[in-house]
Each structure stands twice: as structure tokens, then as C-alpha cells.
Amino acid sequence: MEGVLWYVLTGTRGGANRVRLIRALDERPRNANQLAEALDLDYKTVRHHLDVLMDNDIIENSGDDYGAVYLLTEHTRQHWDIVEEIIEQVE
């Protein structure tokens, strides 16, 4: 999981936005529209990054695709110290 987190959050072009999404979801679960508004990002951009994070088991959704609420996976919570280390380097 550590390698996945480093790659997804720092090794690719959208890593900084994915870090922002993870931080927002750490505060509280939200849907894509809420995340787009809170982070001042385009909805399609948010959806793309959410898909990348889901594909890598960093976040999960609850509910159907439209209006689904996203939250951090238990895997991510177990490796939160690594996430915090990455956040420090990205900011």
C-alpha cells in the first residue's frame, strides 16, 4: 500500500489534487459535487481523480454512482502515517 500511495499522490501529474481530495474526505465523507465546490475544482476533474483513487483502493463509495458519497478505505486509514508524510512533502 505504501508504494501505491506514493505513486498515486506524488508520482503522477494529478497527485496534488488527489492529496487535496483525500484531506477533504478525511474531514468528512462527501459526494463529487460537494468536493468540487469545496476545492474549487471542475466536477469532471474531481470525478477523474476519484476514479483513480478508487481504482487504487484509497477511497470507496457508498451508494449509486450519482450522488455517491466517498470516504477513505480502511486500508488508507491503516496507513495514515504514510499519507501524512506525503502531504507534508506535497505542500
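Predicted model: local features only at pLDDT ≥ 70, side-chain atom pairs only at ≥ 80, totals over all residues.

Guide: Happy to, and one term comes up throughout: buried means under 20% relative accessible area, exposed means over 50%, and partly exposed is in between (1.4 Å probe, protein chains only). Residues are numbered from 1 along each chain as its sequence is written, and side-chain values use heavy atoms, with hydrogens and water left out.

Now to the pairs themselves. Side chains of opposite charge can pair when their charged atoms come close. The structure holds three salt bridges, each being a side-chain nitrogen of Lys or Arg within 4 Å of a carboxyl oxygen of Asp or Glu.

Let us begin with Arg47 and Asp51, whose side chains meet at 3.9 Å, N to O. These two residues are four apart in helix 4 (residues 43-55), so about one helical turn separates them. Helices here are DSSP runs of H or I with at least four residues, strands are runs of E with at least two, and both are numbered from the N terminus. Arg47 is buried because its relative accessible area is 15%, whereas Asp51 counts as partly exposed at 35%.

Another salt bridge joins Arg77 to Asp26, with the closest N and O atoms 2.6 Å apart. This pair links distant parts of the chain: Arg77 sits in helix 5 (residues 74-78) and Asp26 in helix 2 (residues 15-27), 51 residues apart. Arg77 is partly exposed at 37% relative accessibility, and Asp26 is partly exposed too, at 31%.

The remaining pair is Arg30 with Glu27, where the closest N and O atoms are 2.8 Å apart. Arg30 is buried, with a relative accessible area of 7%, while Glu27 counts as exposed at 61%.

Strands of a sheet pair through backbone hydrogen bonds, either parallel or antiparallel. Here three strands form an open sheet in the order 1-3-2, with antiparallel pairing. Strand 1 (30-31) and strand 2 (59-62) stand at the edges with a single partner strand each, so one side of each has no neighbour in the sheet. Strand 1 pairs with strand 3 (residues 69-72) over two bridges; two strands pair if DSSP finds at least two bridges between them. Asn31 has Val69 in strand 3 as its bridge partner.

Most residues other than glycine have a negative phi. Asp40, which is not a glycine, has a positive phi of about 55°; it lies in the loop between helix 3 and helix 4 and is exposed at 72% relative accessibility. Asp57, also a residue other than glycine, has a positive phi near 60°. Asp57 is found in the loop between helix 4 and strand 2 and is partly exposed, with a relative accessible area of 36%.
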